[in-house]
Amino acid sequence: MLDGVKALIKGLGVTSKALFEPRDTISYPEKRREYSPRFRGKHMLAKDTDGHELCVGCGLCEAVCPAHAIRVVAASAPEGNPVSWTNRYSVDYEVDLIRCIFCGMCEEACPTNAVRLTPFNELAASNRLDMIADKEELLHPPVRK
Amino acid sequence: MIQLTIDGQEITVPAGTMIVDAAAKLGIDIPIYCYHQALGPLGACRMCLVEVEKMPKLATACTTAVSEGMVVRSKGPAVDKGRRGVLEFLLINHPLDCPVCDKGGECYLQDYTFEYGPGNGRFQEPKIQKLKDGPINEFVLVDQERCVLCQRCVRFMGEYVGEGQLLLEGRGVETVVTTVDHVPATSQFTGNVIDLCPVGALLSAPYHHKGRPWNIEREESVCPHCPVGCTSKVTAREGRVIRMEGRPIPDREWGWLCDRGRFGYDFGYHPDRLLTSWVQGVETSAAMATRQVGQWIQETINQDGGSAVGVIMGGTHTTEEAYQVQRFAREVIGTENLAISRSEAGYLPRALNGTFDDIKKADMVLLLGSDPYDAVPVVHLKLRERWLRYSALKVIGIGPTRLTRDTLPGQDVITAPEQSAAVMALALATQRPEDANVKTLLQALGDFSPSGVSPETLTELGVQLLGAEHLVSLWDGMDPAMGMVLAVLAELREKPTPILPTFGPANWRGWERAGFSAHFEDLTRILEHARDGIIKTLLVFGADLMNEYPDRALVQAAFDRLDHVVVEGVQPPEDSPQVDALLPGATWAEVYGTYINMEARLQVAMASVQPPGQARPVKTYVNTWAHILSHPLAWEEDWEPFDEDSGELLPLHPAPLHVTPLKVPAAIDGDMILITGALIWEMSEPSEILLPRIPALPGRINPEDAKNLGLDIHGGRMRVSQGETSLVTGMSLDPRVPKGLLWLPQRMPGVNTLQPGPIVLSLAKEEVTA
């Protein structure tokens, strides 16, 4: 019986010691961790200073993507409304975030530095379709708090 | 034969072979831009530098012919340095455009730079700016900055096609490829320069910015628009056909396509395409429509027996589809009324059919009513290639208009309309008057003498017909009597006499193989029986009889009388309220199948995309009807149109020669006489991409007649009247049409309301539209 009491006291000792140690968890979402500056989260499509899209729809990201998560459909720029900085732009640009493995190869392959991986990592959705980011969504990247 | 060593491997090749071709036989790849086997050596790009022993400097492999004991090295430090230097020069003014260039990923400049090029250039100055995405014509764009000046396009259009509509303009680094006088190129073969261009300088306008090599699927296919059946590749992306390319086949095809075939692929996406089923003018579900048609067939069989059903094949259907329809018609319905929708009365037995290989050996070419440039453009290129290589080639055109051209020069025997067969027979008679077959031919002609053809011409023609070593004839199939004369000619001559039928539909030989009758008489008989009420139900697959059959009135009468007209097709027939059911069909890119072309060659076309909407392959309809008729068809064994003995060509069946006397051609009186002919732009399914190039003035009239009628020198619209019917159409002036004749494309809508013969022409008054 004495052994039992000993063990109990020892156990409580460990617990009470841990009470005053710094905590390993944080109270998400009020508090958030600092990530590496190279962290790769959700994609975004960048624009240049004139507001023209950098993406020309070349499809290299699509070609390089090991998970086949990207779909690009390009077209000639409409008369008088150059969407991108040149005469070709992407009509559709979709990233399937369920398929994506966030390897960053699209970013590396992009010749115009249009697709970039932001640090945003809060990707949960209640619907599979919501996990496919379309062009509109990618042009307006959410900011990580 | 010459023996040489390339990279340590010995090879023996015929004298005159270039090093680059000899290396290709060994599987050694030498980079080239300007050289093309069809165009011959030029040495403009300097990309193919190789080291030849005992030559002081690097030599261009594409212009250096092999010689005995030559030792060639295609690799090594000297060659690498040479190629690196050439590429550095080529890239000096080449823009860094690859991300927006359609050629990116399938570009030889990219590939060779990656393999042989320098890592970076030393040239610091700004690149010269030139025209980007400028037009060559409606179908081809030119980006002059990307051009490496290999001149393939210029030489193809100038030397090979013979219509020099492209040229190099400017000097030095400012040299650009452009059209002559900066007007759009009008040749039928402009699209080929897209395939020829090794870089992204010449691009397809309809394909512009649509696909990338890694997100498209390419399937081997066959062009379905004319009986040449050019080998092609279909590019599809996300279930949509977006491009056609030529598919070269070693030692047989260069992969040329005409613009009609290359850019006419979009007929499956035409806004008028039939995508839902219609029964008696009411849109309905596919299941309802199919069942309704099945019940009609059942009723007809119950009341009048299977032979009261007629089946007509047309459109772009494959041989297998025709076989499925044929089995359904024979086994389930029990009818022998199976015909092919033909526009010409002639028929050519397989035994007389030649191949394109014969053109490569020909020493004389006979154009019988058929202008290959208009009817079968790629055959025109084949004939021209033969003429370029064998300048003694004799070309003789026999028909009511001039059939030779500047690009295929020769001699013309201009006959009065419908007298060509008699002229041919009389020409034979000048040489072999004692031959029994010739005698039979001439029996009824009496002392008929053809108008406009002198006895000397007849004798000369006869000598040439019998003297030619390898006589290739292209026949338009208009006059059945000509078929008989050709059979007699083939019998008389002991030397090869291959005939190439230039008439359509594209796959008629295939449907014949599948069990349909290709004889025009059978089609006419079915229509007449329908008009007379013997045939009650007509199933039409793909054919637009109202426009295809030469006598529209008969089709109209037949459709009026028939109980049920069922049309399966891609396009709804124009304005035909008598059609009881319209069933959407699948196009050529949506089914796998075999096409048999004018040389009786079997060629497989793969399916590239899925049929859209309710469109479905013929087999689906046939199976459903077979179930409704309680006679399900079993398809365990796939039928093969191939024959083990014949290989790619249909087996030869000797055709017995039946010679009947030629009728005396009826004299046609009239100031103006209508004749019709094939024009590729007006044939097959309509396409939106082609619209800007469909001739606005398709009719052709002699300039003198035009002047007398008060027609503008640039052409204009005229009213063609014949009895009660009349047609307003555009006319252009063409000196190749003799005086007193009017030429119209036979498949232009409305032309078959008129009959070849006397007509009255008048200027069309400008119609005022509110």
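My notes on these topics follow.

**Ground rules.** I'm working on a predicted model, where local features need pLDDT of at least 70 and side-chain atom pairs count only at pLDDT 80 or more, while totals for chains, interfaces and linings use all residues. Residues are numbered from 1 along each chain as its sequence is written, chains are lettered from A and ligands numbered from 1 in the order in which they are written, and side-chain values use heavy atoms, leaving out hydrogens and water.

**Chain A sheet.** I looked up the strand order and got β2-β3-β5 in chain A, an open sheet of three strands with antiparallel pairing (strands are DSSP runs of E, at least two residues, and helices are runs of H or I, at least four, numbered from the N terminus; two strands pair if DSSP finds at least two bridges between them). β2 (70–76) and β5 (132–133) of chain A are the edges, each pairing on one side only. I found seven bridges between β2(A) and β3 (88–96) of chain A. Across that pairing, Arg71(A) sits opposite Glu94(A) of β3(A).

**Chain B, β23.** Is this strand, residues 537–541, mostly covered or open? Mostly covered: five of its five residues are buried (under 20% relative accessible area; exposed is over 50%, partly exposed in between, with a 1.4 Å probe and protein chains only). Thr537(B), Leu539(B) and Phe541(B) point one way, Leu538(B) and Val540(B) the other. β23(B) pairs in the parallel sense with β16 (309–313) of chain B over five bridges, and with β24 (564–569) of chain B, also parallel, over five bridges. I noted Leu539(B) as bridge partner of Val311(B); Leu539(B) also stands opposite Val566(B) in β24(B).

Most residues other than glycine have a negative phi, and most peptide bonds are trans, so I went after exceptions. I logged a cis bond from Tyr28(A) to Pro29(A), omega near 5°; Pro29(A) lies in the loop between α1 (2–19) and β1 (43–45) of chain A. Another cis bond runs from Gly504(B) to Pro505(B), omega near -5°, with Pro505(B) in the loop between β22 (499–501) and α16 (508–514) of chain B.

Which phi does Gln151(B) have? It is positive, about 70°, and Gln151(B) is partly exposed at 25% relative accessible area. Glu238(B) has a positive phi near 50°. I placed Glu238(B) in the loop between β12 (231–237) and β13 (240–246) of chain B, partly exposed at 46%.
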